[in-house]
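Welcome, and please open the model in your viewer.

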Amino acid sequence: MACCCKDEGKMLGLAHIGVMVTDMDKSIDFYQNVVGLELMNVENMGQTRLAFLKVGSCILELVGVAGAQARPAGVVDHIAIETKNTKAVAQALKAKGVQFKTEEVSVNEALMGGVANIFFKGPDGERIELFEYLNR
């Protein structure tokens, strides 16, 4: 089917991932000062407060809304942050008090040409994965 426009549209990638939070300041502090994401911007839009944090080409949008717990939404299982030397990143986060689901980084040579990963939780219980492609 031909597009009606001269320049056909295309998807370029993910723009950001939105995560509902109950305590915006606590979540900004966690993602910025513990995990190490760069705080780009904080916006107030009526009863909604947004914070945008960046790591690599990925932007995490924290969404704080009055009554955020009751807001119906789709389920996102986890946020994966690509890393280099996942063990070192995990050790640095452990030194800052982050508790991981497992003690050791998992390695799966069969998945996607080899990956390493480990999970921890954010301030609202969101699952966060440190993820490394081993053969890139």
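This is a predicted model: local features need pLDDT of at least 70, side-chain atom pairs count only at pLDDT 80 or more; totals for chains, interfaces and linings use all residues.

**The whole chain**

Residues are numbered from 1 along each chain as its sequence is written, and side-chain values use heavy atoms, with hydrogens and water left out.

Now show the surface. The protein chain exposes about 9,200 Å², and carbon and sulfur atoms supply 52% of it (Shrake-Rupley method, 1.4 Å probe; for residues, only the protein chains shown count as cover). Of the 136 residues, 32% are buried, meaning under 20% relative accessible area with a 1.4 Å probe, protein chains only.

**Into the core**

Hide the surface and select Phe-30, Tyr-31, Leu-62, Phe-100 and Phe-120. In the largest nonpolar core, which has 25 residues, these touch the most other members. Such a core is a set of buried Ala, Val, Leu, Ile, Met, Phe, Trp, Tyr and Cys residues joined through side-chain atoms within 4.5 Å. Elements giving two or more residues to this core include strand E1 (17-21), helix H2 (86-95) and strand E8 (127-133). Helix H1 gives the most, with six residues.

**Along strand E7**

Next, select 115-121, which is strand E7. Is it mostly covered or mostly open? Six of its seven residues are buried, so E7 is mostly covered.

Look at its two partners (strands pair if DSSP finds at least two bridges between them). On one side, E6 (residues 106-108) runs antiparallel to E7, joined by three bridges; one to find is Asn-108 with Val-115. Six residues lie between these strands in a hairpin, and Met-112 in the turn has a positive phi of about 50 degrees.

E8 also runs antiparallel to E7, through seven bridges, with Ile-118 partnering Leu-130. This hairpin has five residues between its strands, and Gly-125 in the turn has a positive phi of about 85 degrees.

**Last stop: Phe-120**

Which residues does Phe-120 contact, leaving aside its neighbours within four places in sequence? Among them are Phe-30, Leu-93, Phe-100, Ile-128 and Leu-130, with contact meaning heavy atoms within 4.5 Å.

Note on methods:
Buried means under 20% relative accessible area, exposed over 50%, partly exposed in between (1.4 Å probe, protein chains only). Helices (H or I, at least four residues) and strands (E, at least two) are DSSP runs, numbered from the N terminus.
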